[in-house]
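Colleague: Could you take me through a model and show me how each feature should be read, with the cut-offs stated as we go?

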Amino acid sequence: MAKLIRSERVSLKEHPEINESAIQEFIFNNPSVLGLGDLIPIQREKKQPMGGRLDLLLSDSDGVARYEVEIQLGATDPSHIIRTIEYWDTEKKRYPKYDHCAVIVAEEITGRFMNVISLFNGAIPLIALQMSAVKHGEDIELIFTKVLDRVSLANEDEDESAEITDRSYWEKRSTPQMMKIIDRIFQDVSDITTNYELKYNKFYVGIAKDGVANNFISFRPKKQFIYFCIKLGEDEEITKQLEDKGFDASFVGRNKQYEIRFDSYSKYEKHQEFIRSLVQMAKDQKIVD
């Protein structure tokens, strides 16, 4: 029978054996522990043109977003904040085709940090994670808690991702075959999306009703597959069901949605009723960006 135990919190800054380099390596090898979705490690200690080294550079599984991660043992301080923003800005300018986000990881996210960040008024996409260490025997468990979620630079109507394109744009960017999969899925859920139509944007295919976007579902077509995106709060039971049914799927926290990969309509059709139930839940939940 499981027992409740009292865990012992430890300070990483004062720990005689665990240092920042060890934590970097652990996160780099296990980026999912950050709770930011299915991330792929790119580089540790990346040299910067103006000096210094970026602790970690990570990418999302789709290769669209990049995360510039800085780790601080102890509490955040002004130099840590500035360094994180400088590295984010440098990477953004050097590689403008990616969607960049700064990530600060520290044992303590101070009130002063929150005050400083508020001055930027959403001008910098930034996530703050508080890192806690819990001792289990001789081992240390790291727990990451999101204190500040990413603030978008603009709302959907202003963001270039909502720039309207057309179907031919997507047939060239993906393939006509992938677009047909989208058509069939959208047709299958038409009783849930009554009076909605597909809306072709620059970076995704959303849905709109009477010309107004309401993307509780959306699609991201690729050359050989599509991502069917369903906007839902992260739920352990849904995640488990997706895994048990063998879906290639992940929850993307910054977009507040599950992304399910399909390379054929038959894979959707196999679990049709389950997916339809998720679409209905997304419509009912009305999660907004």
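This is a predicted model: local features need pLDDT of at least 70, side-chain atom pairs count only at pLDDT 80 or more; totals for chains, interfaces and linings use all residues.

Colleague: Which residues have the most contacts inside the largest nonpolar core?

Modeller: In soluble globular proteins, nonpolar side chains tend to be buried together. A nonpolar core is a set of buried Ala, Val, Leu, Ile, Met, Phe, Trp, Tyr and Cys residues joined through side-chain atoms within 4.5 Å, where buried means under 20% relative accessible area, exposed over 50%, and partly exposed in between (1.4 Å probe, protein chains only). Here the largest such core has 35 residues, and Phe228, Ile230 and Ile275 have the most contacts inside it. Helix α5 (residues 176-188) gives the most to this core, with six residues; helices (H or I, at least four residues) and strands (E, at least two) are DSSP runs, numbered from the N terminus. A second, separate core of 24 residues includes Val10, Phe28, Leu73 and Val105.

Colleague: Is Ile226 buried or exposed, and which residues does Ile226 contact?

Modeller: Ile226, which lies in strand β12 (residues 226-230), is buried, with a relative accessible area of 0%. Contact means heavy atoms within 4.5 Å, and, leaving aside neighbours within four places in sequence, the contacts of Ile226 include Met178, Ile181, Ile182, Ile185 and Phe262.

Colleague: How many bridges join strands β2 and β3?

Modeller: Two strands pair if DSSP finds at least two bridges between them. Strand β2 (residues 39-47) and strand β3 (residues 53-60) run antiparallel and are joined by seven bridges, with Lys46 standing opposite Leu54 in β3. The two strands form a hairpin with five residues between them, and Gly51 in the turn has a positive phi of about 105 degrees.

Colleague: Where do Asn195 and Asp210 lie?

Modeller: Asn195 lies in the loop between α5 and β8 (196-200) and has a positive phi of about 70 degrees although it is not a glycine; Asn195 is exposed, with a relative accessible area of 57%. Asp210, in the loop between β9 (205-209) and β10 (212-213), has a positive phi near 55 degrees and is exposed, at 71%.

Colleague: Which residues are closest to the centre of the second largest pocket?

Modeller: Rolling a probe the size of a water molecule over the atoms shows where empty space is left. On a 1 Å grid over the protein atoms alone, a pocket is an open set of points where a 1.4 Å probe fits, with protein on both sides within 12 Å along at least five of seven lines, and lining residues have an atom within 4 Å of a point. Grid points are joined across faces, edges and corners, and a volume is the space filled by probe spheres set on the points. The second largest pocket holds about 340 Å³ of space, and of its 18 lining residues, Gly37, Glu234, Thr239, Ser250 and Phe251 are closest to its centre. The elements giving two or more residues to this lining are α6 (236-244) and β13 (249-252).

Definitions and conventions. Residues are numbered from 1 along each chain as its sequence is written. Side-chain values use heavy atoms; hydrogens and water are left out.
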